[in-house]
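Please have the sequence and the 3D view open as you read.

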Amino acid sequence: PSMGKRIVLNAADSTINTNSTSVTLDAVNVGSGDTVTIKQGGDVTAFDVNDGVTIDAGTGYSGDLTVRTDTLGNGDAASVITGSAATTLVGDGGAVSVDATDLADDIDLTIQGGSVVTVTELQGDVAAASSTGELDVTTIASADLTVTTGSADATVTGTSGTIVVDADAMTSADTLTVDGSGDFTVNKVASGVTVDADDDADETGDNPLTGDLTVNTDDSATGVQVSTGVAATTVATGSATGGDVTVKAAVLANDTALTLTGASSAVVSDLIGDIDAGSLSGVLAVDTADNSGDNDISITLGDASASVETTGSDDTVTIAAANMSGDADTLTVGGDSDITVTGLVEDLDADGNTGLSVTQLTGVLTATTGALTDGAAIAIALGSNTSTITADEVDTGAGTGSEVIIDASDMTASGATLTLDG
């Protein structure tokens, strides 16, 4: 069988024809601006790759490639062009750019060490769990791949297709930025990690994610922050209690769903899209923005207390409360929008006196209860404006208890009326 070869390269361009033989390349003498071209099919390890050096395996090379940089300083940069087979990069400081055009589908690009690594034209997979440097990955169009991040900030641009990101190695204060047009699923998001899909949309020239986004947090993860993109977004928080997630929905499009599931509490800000929290058992707090599109926002609650602070005086916020069935649950609403509540079987507070960060409701309140038994005694505290309350009692007999108890002491707006039905 063929034995491995060791070659010490000189300070110039080099071409290595491996002829299916394993080769080790000592690149310590290769100078800035020089290129080492690798051909044929033998496995190659190149070490001590320094600033300005390019390792080029994009010439039909089919062997496994390992590249180890020398110690690179700030401002130093090396380049790697992969072949079609498994590629490993071990970076020591500085920056390394990787052109992964030829890396085959479902083949790993393994990234280790502390270099800042930029990967372009990716169709294979990235395995960077042991990397401590920042990572920036751009996929090909119609991608179907997995990126495993390291323990530092990472950016993944999905040109199109489906991208799965394993964020298990990321720790508190790390940020994963996802953008482009691909659909993303981000798994194993830990406490303190930020998933940012709006790409600083308030800054000129930046574009948020336009593909769907699914974020799966660790059980009981706390301090998780998610900034949505434009399209449908799901945040799944797991079945264990004690976690919390903040969702910034400023760029979520009108009539587009934000789905929340699991047992963590959730805070949502700047909402003009819709929320489906029917499978959320943690407390929900929502701040809406002014929906100048169709002046309509829909929110479906889960089985926990919830608060909704509204903004647009021309908006109507419709809240489906049928899932909110715990005896201690309360729906607190406030702000300037008109609010319509359906399926209410627990307490409703619109007077702004709860101690929560919810103001008194100045918009019109329309509330329809779910089926109430005799003596259900749900409490409704009205806001300052006109209100209509429709009660649905399932008992057909006369009964002796009160199904709805209404506090109208804050209904003080000029011309405000209270209409009761049911």
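How many helices and strands does the secondary structure of the chain come to? Keep in mind that you are looking at a predicted model. The count is zero helices and 39 strands.

## Overall build

The chain has a radius of gyration of 29 Å, whereas a compact globule of 422 residues would have one near 22 Å. Along the principal axes, the C-alpha atoms fill a box of roughly 95 × 40 × 30 Å.

Among contacts with a separation of 6 or more, 28% are between residues 24 or more positions apart.

Of the 422 residues, 45% are buried.

## The largest pocket

Now turn to the largest pocket, with a volume of about 160 Å³. Its lining consists of Ile-389, Ala-391, Glu-393, Glu-403, Val-404, Ile-406, Leu-420, Asp-421 and Gly-422. By class, that makes five nonpolar, one polar and three charged residues.

Three strands, β37 (387-393), β38 (404-407) and β39 (418-421), each give at least two residues to this lining. The largest share, three residues, comes from β37.

## A cavity

A search of the whole structure turns up one cavity of 30 Å³ or more. The largest cavity holds about 30 Å³ of space. Leu-280, Gly-282 and Leu-284 are among the lining residues, as are Leu-301, Gly-302, Asp-303, Ala-304, Ser-305 and Ala-306. The lining has five nonpolar, three polar and one charged residues.

Methods: Residues numbered from 1 in each chain as written. Predicted model: local features only at pLDDT ≥ 70, side-chain atom pairs only at ≥ 80, totals over all residues. Heavy atoms only, no water. 1 Å grid on protein atoms, 1.4 Å probe; cavity = no way out; pocket = protein on both sides within 12 Å on 5 of 7 lines; lining within 4 Å. Points joined across faces, edges and corners; volume = space filled by probe spheres on them. Nonpolar A, V, L, I, M, F, W, Y, C, P; charged D, E, K, R; others polar. Helix = DSSP H or I, 4+ residues; strand = E, 2+ residues; numbered from the N terminus. Rg over C-alpha atoms; globule rule 2.2 N^0.38 Å. Buried < 20%, exposed > 50% of the residue type's maximum accessible area, 1.4 Å probe, protein only. Contact = heavy atoms within 4.5 Å.
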